[in-house]
Amino acid sequence: MTAQTSGGDGPRTDTVAAVVRQWQTVHPGLGTGPMEIIGRINRSAALLQQAEDAPLRRAGLSRPEFDLLGALRRTGHELTPGDLARETFSSGAAVTKRLKQLTERGLVERRGDTRDRRVVHLRLTDAGRDLVDGILPEQLAYETAVLSVLDGEKQGELASLLGELLTRLEGRLGALRV
C-alpha cells in the first residue's frame, strides 16, 4: 500500500502521504513503505502528546515529571531512583533532577534505606497521589475521544499490531542499531 491508496478508499491526504509523494517524485524507485508507517506513528504520537499534555501543564507538570509520578502510583510501592529510570526510560541524572523538583513541591517523599545509606526509596505523598488520580481520568477521556474515530474492532486490531511491533522492538532494539 502506498501513499496514493488507502486500501480502496481513495488517495490518502494526511501529512505523511504528502511527504511520501514528494519523495516518490524525487526518487521514484525508493521504497517508502517504512516511512508510511513510522512517519505516521511519529506524527500521531507528536499530535497526541501536544493535546494530552494540556492537563499536565495546567497542573504545572512536565510529561517526564508526570511519568515519574505515574510510575510511583501504578506500581503501588516504593521505588528507588534506578527503578524509576527503568520504568520511565529516563537517565539517572534526569530522574534525579525531576525528583528534586517533585520533592520540593511536596508530591514525592524520600526515605533512606536502613541497611544501605546510599539507597533512597521514593513514594508519592497524599498530594502526589491526589494529583495523579485527578489528571488520569481527564487523560483517559481525551484518549477515548481520539480513538472513537475507530470502532472497537479496529482499536483492538491497532492495539494488537502496535503491541507486536513494540514487543519486537523492545527485544531487538540493540540489534537494530548498528
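Helices (H or I, at least four residues) and strands (E, at least two) are DSSP runs, numbered from the N terminus. The model on screen is predicted: local features need pLDDT of at least 70, side-chain atom pairs count only at pLDDT 80 or more, and totals for chains, interfaces and linings use all residues. Residues are numbered from 1 along each chain as its sequence is written, and side-chain values use heavy atoms, with hydrogens and water left out.

**Stop 1: α1 and α2**

Select α1 (15-26) and α2 (residues 33-52). Their axes come within 9 Å and cross at roughly 145 degrees. Axes here are lines fitted to C-alpha atoms, for helices over the stretch in contact, and angles run from 0 to 180 degrees between N-to-C directions. The crossing of α1 and α2 is right-handed. (A crossing is left-handed if the near helix is turned anticlockwise from the far one by less than a right angle, and right-handed if clockwise.)

Now show side chains. On α1, pick Thr15, Val16, Ala17, Val19, Val20, Trp23 and Gln24; on α2, they meet Met35, Glu36, Gly39, Arg40 and Arg43. Contact means heavy atoms within 4.5 Å. By class, this contact has 6 nonpolar, 3 polar and 3 charged residues. (Ala, Val, Leu, Ile, Met, Phe, Trp, Tyr, Cys and Pro count as nonpolar, Asp, Glu, Lys and Arg as charged, and the others, Gly among them, as polar.)

**Stop 2: α2 and α7**

(Angles under 35 degrees count as roughly parallel, over 145 as roughly antiparallel, 65 to 115 as roughly perpendicular and the rest as oblique.) α2 passes α7 in a right-handed crossing. Look for Leu47, Leu48, Ala51 and Glu52 on α2, which meet Gln139, Tyr142, Glu143 and Val146 on α7. That contact holds 5 nonpolar, 1 polar and 2 charged residues.

**Stop 3: the largest pocket**

Select Arg40, Ile41, Ser44, Leu158 and Leu162, which lie nearest the centre of the largest pocket among its 31 lining residues. Its volume is about 1,400 Å³. (On a 1 Å grid over the protein atoms alone, a cavity is a set of points where a 1.4 Å probe fits but cannot get out, and a pocket is an open set with protein on both sides within 12 Å along at least five of seven lines; lining residues have an atom within 4 Å of a point.) Which helix gives the most to this lining? α2 does, with 12 residues. The lining has 17 nonpolar, 4 polar and 10 charged residues.

**Stop 4: the second largest pocket**

This pocket has a volume of about 930 Å³. Centre on Ile41, Ala45, Gln49, Phe89 and Leu166, the closest to its centre of 20 lining residues. α2 again gives the most, with 7 residues. The lining divides into 11 nonpolar, 5 polar and 4 charged.

**Stop 5: α4 and α5**

Finish with α4 (63-75) and α5 (81-88). They pack at about 105 degrees, axes 10 Å apart, so α4 is roughly perpendicular to α5. Asp67, Leu68, Ala71, Leu72, Arg74 and Thr75 in α4 meet Leu84, Glu87 and Thr88 in α5.

Notes: Grid points are joined across faces, edges and corners, and a volume is the space filled by probe spheres set on the points.
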